[in-house]
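Hi,

Here is the structure I promised to pass on. Have a look at it first, and my notes follow below.

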Amino acid sequence: MNLLEAFDVSVTFKAFGYEVQAVKNVDFVLPQGKVVGIVGESGSGKSTFARVLTGLQEPTGGYVTYLGAPIQDGKEIYKGELRKAVQMVFQDPYSSLNPRMRIINAVAEAVRVHQNPNKAEAQQIALDLLKRMGISEIDAFKYPSSLSGGQRQRASVARALSVQPKILIADEPTSAIDQSAQSQLLELFSELIKDGLSIVLVSHDLGVIRYLTDNVYVMQNGEFVETGSSSKIFESPSNAYTQKLISSIPSSGKK
Amino acid sequence: MSNALVQIDSLCIDVKVTRTRRLTIVNSATFDVHPGQLLGLIGESGSGKTMLCRSLVGTLHRRGAYINSGSLTFNGIDLIKATPKEWRDIRGKEIGYIPQSALAGPNPVMTIGAQMAEAIQLGEKMDKSVVRKRAIELLEIVQIRRPEIVLKQYPYELSGGMKQRVMIACAIAREPKLIVADEPTTGLDVTVQAEIMQLLKQIRKDLNTAIILVSHDLPLINEVCDDIVIMHAGSTVEKIPSANIERTRHPYTEALYKSRIDLVEPRGKLITIKGQPPTVGDWPTGCRFAGRCDYAKPGCSADVEIPSIKIGPNHLTSCIRQAEIWGK
């Protein structure tokens with residue numbers, strides 16, 4: 001059974017009389033327990049598509065299903081319990097946490113909204129989660145401004161996981177943080193994958209995509225130009241654009 | 001070495017936090033740049049890379065920072081004692097600067113042509129047609145198609161890669177001897193990044209310009225540059241030719257090199273550098289990497305000045321235990 005599926009999804013933005021088609025009739029499949037990557041350059045529509053999967057953006061054409069059932073019911077997207085199933089980690093850890101809330105409260109808030117425990121219990125759940133993400137008890141009581149980018153991004157992951165989602169949608173989770181923080185975050189992701197979490201990873205960093213994903217979708221101008229298993233795409237890319245992307249990765253092996 | 005273009009020796013930069021409180025943000029930065037050399041400067045955020053660049057273009061005071069000690073010479077001129085008048089003859093003419101953010105670099109209310117004219121004239125009187133001709137020539141060097149049209153456009157009409165090319169064109173307008181490129185490709189796509197790097201290499205080849213390329217991307221630096229200077233917590237920990245990166249003599253460089261994800265199998269074991277870099281103003285004594293280092297012994301944190309140890313002709317390290325770890 002496929003966890004998440006998109007059929008013929010399009011998104012058109014209207015502004016000042018112009019129409020921009022950001023996503024053009026794309027199909028997408030996220031199988032249970034797999035990691036699927038979406039790569040493409042800026043402006044190709046990857047983030048817009050990720051927002052459609054999360055339900056933050058209503059598609060102008062096509063539909064998305066979760067376990068076979070459409071996620072949209074009338075006006076509501078991800079109604080009731082379903083909403084817990086899909087969570088998102090955003091690109092910029094500097095703007096996705098409330099600067100006036102302590103880290104622990106930011107995570108505990110999500111726990112309280114969805115599980116309805118009392119305040120002390122919620123804090124305990126949040127603290128355990130943060131510890132699992134490698135954030136110490138001392139750091140958990142700090143404000144986001146006193147944490148590094150990598151720590152903030154791990155706090156965002158903790159917040160997303162606090163409702164025990166089935167799917168995590170990560171939109172460029174590593175592009176705003178340092179290399180050492182990046183490997184810490186990737187290690188965390190591979191642990192979560194072992195625990196059975198399915199992930200949609202949006203990135204333009206092909207190294208990250210190669211490391212984590214099972215399947216890859218290559219996006220250009222709102223369309224998927226190549227799809228396949230990640231090893232196949234990296235070893236023998238057939239599309240000209242994919243070949244160009246792969247040859248641009250800096251690597252110290254070749255000069 | 002006397003033929004070096006830039007000599008930086010135990011440079012220490014402080015920043016004014018309040019009226020009486022000072023914070024040291026760069027301390028003991030030491031390296032040389034030779035004419036025509038492509039030097040990579042790498043370090044984590046907050047390691048002082050940008051401040052070091054600013055000291056080379058004389059804009060430290062705009063952030064309330066100043067050089068506290070050490071020496072900084074460019075082409076025989078002492079940049080620490082340089083007056084604003086002397087700076088006007090150096091900045092732009094001798095040292096070009098490509099700022100960090102390509103998207104915010106150009107002035108949004110000036111046409112590309114007007115900004116390039118500023119960079120070309122630098123306050124001198126020049127004939128309009130000469131300036132225009134030079135601007136078109138520069139845009140052709142940075143491979144912008146239809147330069148005549150681009151000159152009339154505003155920055156919002158250009159893509160990120162094009163803006164960065166315009167910033168490079170401005171930096172090379174007066175054929176400087178040195179270009180300081182502060183993370184020129186952060187936020188740009190990999191395909192654009194590859195093109196910009198190709199362009200920088202071409203400029204270096206054609207004009208024999210020395211380039212300091214700042215980045216936090218080790219694979220990129222290693223591929224493009226001749227030599228690499230690694231910074232950690234405000235000090236330069238190692239200078240190494242990029243061909244020898246595997247024979248590093250500093251645990252931080254080793255950890256950075258090994259933590260690269262293109263080396264491991266998918267979902268394989270990643271090598272991570274534990275902990276966080278020490279915060280500015282809270283640096284430990286002795287080696288500042290000791291708290292995150294796998295080889296550290298109590299002696300590493302002793303309150304002594306860490307010396308720069310010469311390994312080879314172009315290889316300096318500041319790990320006091322390098323001989324013990326890697327042998328002779």
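Leaving aside residues up to four places away in sequence, A:Thr242 touches A:Val218, A:Val225, A:Glu226, A:Ile233 and A:Pro237; a contact here needs C-beta atoms, placed from the backbone, within 7 Å. A:Thr242 and A:Val218 are 24 residues apart in sequence, and their C-alpha atoms are 7.0 Å apart in space. You'll find A:Thr242 in helix 10 of chain A. Helices are DSSP runs of H or I with at least four residues, strands are DSSP runs of E with at least two, and both are numbered from the N terminus. A:Thr242 counts as buried because 22 other C-beta atoms lie within 10 Å. For that label, 20 or more other C-beta atoms within 10 Å of a residue's own means buried, 12 or fewer means exposed, and anything in between is partly exposed, again with C-beta atoms placed from the backbone.

Before going on, two bits of bookkeeping. This is a predicted model, so local features need pLDDT of at least 70 and side-chain atom pairs count only at pLDDT 80 or more, while totals for chains, interfaces and linings use all residues. Residues are numbered from 1 along each chain as its sequence is written, and chains are lettered from A and ligands numbered from 1 in the order in which they are written.

Chain A as a whole: it has 10 helices and 12 strands. Its radius of gyration is 19 Å, close to the 18 Å that the globule rule gives for 255 residues, so chain A is as compact as a globular protein of that length. (The radius is taken over C-alpha atoms, and the rule is 2.2 Å times the number of residues to the power 0.38.) The C-alpha trace of chain A spans about 55 × 55 × 40 Å along its principal axes. Of its 255 residues, 45% count as buried. Taking contacts in chain A between residues at least 6 apart in sequence, 66% join residues at least 24 apart.

Now a sheet in chain A. It is an open one of 4 strands in the order 2-1-4-5, with antiparallel pairing; two strands pair if DSSP finds at least two bridges between them. Strand 2 (18-31) and strand 5 (69-70) are the edge strands, each pairing on one side only. Going across the sheet:

- Strand 1 (residues 2-15) and strand 2 of chain A pair antiparallel over 10 bridges, with A:Ala6 opposite A:Phe28 in strand 2. The two strands form a hairpin with 2 residues between them, and A:Phe16 in the turn has a positive phi of about 50 degrees.
- Strand 1 and strand 4 of chain A run antiparallel and are joined by 5 bridges; A:Leu4 has A:Tyr66 in strand 4 as its bridge partner.
- Strand 4 (residues 61-66) and strand 5 of chain A are antiparallel too, over 2 bridges, and A:Thr65 stands opposite A:Pro70 in strand 5.

A:Gln164 has phi near 50 degrees and lies in the loop between helix 6 (149-161) and strand 9 (167-171) of chain A. With 11 other C-beta atoms within 10 Å, A:Gln164 is exposed. B:Glu183 has a positive phi of about 45 degrees, and its place is in the loop between strand 7 (178-182) and helix 7 (190-207) of chain B. B:Glu183 is buried, with 20 other C-beta atoms within 10 Å.

Also in chain B, helix 3 (residues 112-121) and helix 4 (residues 128-141) pack at an angle of about 105 degrees, with their axes 10 Å apart. Axes are lines fitted to C-alpha atoms, for helices over the stretch in contact, and angles run from 0 to 180 degrees between N-to-C directions. That makes helix 3 of chain B roughly perpendicular to helix 4 of chain B; the cut-offs are under 35 degrees for roughly parallel, over 145 for roughly antiparallel, 65 to 115 for roughly perpendicular, and oblique for the rest. B:Gly113, B:Met116, B:Ala117, B:Ile120 and B:Gln121 in helix 3 meet B:Val131, B:Arg134, B:Ala135 and B:Leu138 in helix 4. By class, the residues of this contact are 6 nonpolar, 2 polar and 1 charged. Here Ala, Val, Leu, Ile, Met, Phe, Trp, Tyr, Cys and Pro count as nonpolar, Asp, Glu, Lys and Arg as charged, and the others, Gly among them, as polar.

Last, the contact between the chains: 27 residues come from chain A and 25 residues from chain B. On the chain A side, helix 7 (179-194), helix 8 (206-212) and helix 10 (240-247) each supply at least two residues. Helix 7 of chain A gives the largest share of that side, 7 residues.

Cheers

Note on methods
Two residues are in contact if their C-beta atoms, placed from the backbone, lie within 7 Å.
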